[in-house]
Amino acid sequence: MAIERTLSIIKPDATKRNLTGKINAKFEDAGLRIVAQKRIHLTKAQAGVFYAVHKERPFFDELTTFMASEPVVVQVLEGEDAISKNREVMGATNPADAAPGTVRAEFAESVGENSVHGSDAPETAAVEIAYFFSGLELVG
Ligand code: ATP
Ligand code: MG
C-alpha cells in the first residue's frame with residue numbers, strides 16, 4: 001500500500017456542534033496524519049465549484065446552501081492507503097447505513113448533513129487538495 005493524501009472536510013453540521021476535535025481523534029486513531037488544516041467559511045459559489053460533479057443532482061442547491069451555512073474545516077490527511085482508509089473511518093453517506101464506530105454513525109444528522117467529506121480516488125484527491133491548499137501549506 002502506498003502513502004497517499006486525501007482531502008477531508010469537516011462539514012457545517014459538525015463544526016457547529018463543536019465536534020472538530022472528536023472527529024480528528026478518529027482520523028488520528030486510524031493512523032491518518034493531519035498534514036494541513038484550516039477553518040474557512042465557504043461562499044455558496046465556492047461550494048458549488050467544489051461539488052460541481054453533483055451540479056445536475058436534485059440535492060445540489062440544498063448541498064451548496066448547507067456547505068456555506070457555517071464554517072468548515074478543510075484538511076489533508078496522509079497515510080497508508082489514506083483515501084480508502086478515510087472513507088472507512090467516515091462510514092456510508094447515509095448515517096442510517098454507516099457501520100458502528102464510524103464518524104457518520106456517531107455524529108451525522110442526515111444523508112445531507114453528514115459531518116464529513118472525503119475524496120473518492122487519487123485523481124479527485126489531487127484536484128480537491130489543490131482547490132484549498134498550496135504546496136507550501138502541506139507539511140508532512
Ligand atoms: P462526500 O462527497 O461529501 O464525501 P459521499 O462521497 O459519501 O460524500 P456523494 O454521493 O459524493 O457522497 O454526495 C456528496 C454529498 O452530497 C454527500 O456527502 C451529502 O452531503 C450530499 N448528498 C448526497 N446524497 C444526498 C441526498 N439524497 N440528499 C441530500 N444530500 C445528499
Ligand atoms: Mg463524494
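Me: How many salt bridges does the structure hold?
Reply: This is a predicted model, and the structure holds 6 salt bridges.

Me: Which residue does R5 pair with?
Reply: R5 forms a salt bridge with E78, and the closest N and O atoms of the two are 2.7 Å apart. Because R5 lies in strand β1 (residues 3-10) and E78 in strand β3 (residues 72-80), the pair ties together parts that are 73 residues apart in sequence.

Me: Switching to R17, what does E109 do with it?
Reply: E109 and R17 form a salt bridge in which the closest N and O atoms are 3.7 Å apart. E109 sits in the loop between α6 (103-107) and β4 (116-118), while R17 sits in the loop between α1 (12-16) and α2 (20-29), so the pair ties together parts that are 92 residues apart in sequence. E109 counts as partly exposed at 46% relative accessibility, and R17 counts as partly exposed at 32%.

Me: Which residues are linked in a network there?
Reply: D13, R17 and E109 are linked in a network of salt bridges.

Me: OK, what about E106, where is its partner K26?
Reply: K26 is in helix α2 and E106 in helix α6, 80 residues apart, so to speak of the pair is to speak of a link between distant parts of the chain. Their side chains meet in a salt bridge of 3.2 Å, N to O, and E106 is partly exposed, with a relative accessible area of 44%.

How values were computed. Residues numbered from 1 in each chain as written. Chains lettered and ligands numbered in written order. Predicted model: local features only at pLDDT ≥ 70, side-chain atom pairs only at ≥ 80, totals over all residues. Heavy atoms only, no water. Salt bridge = Lys/Arg side-chain N within 4 Å of Asp/Glu carboxyl O. Helix = DSSP H or I, 4+ residues; strand = E, 2+ residues; numbered from the N terminus. Buried < 20%, exposed > 50% of the residue type's maximum accessible area, 1.4 Å probe, protein only.
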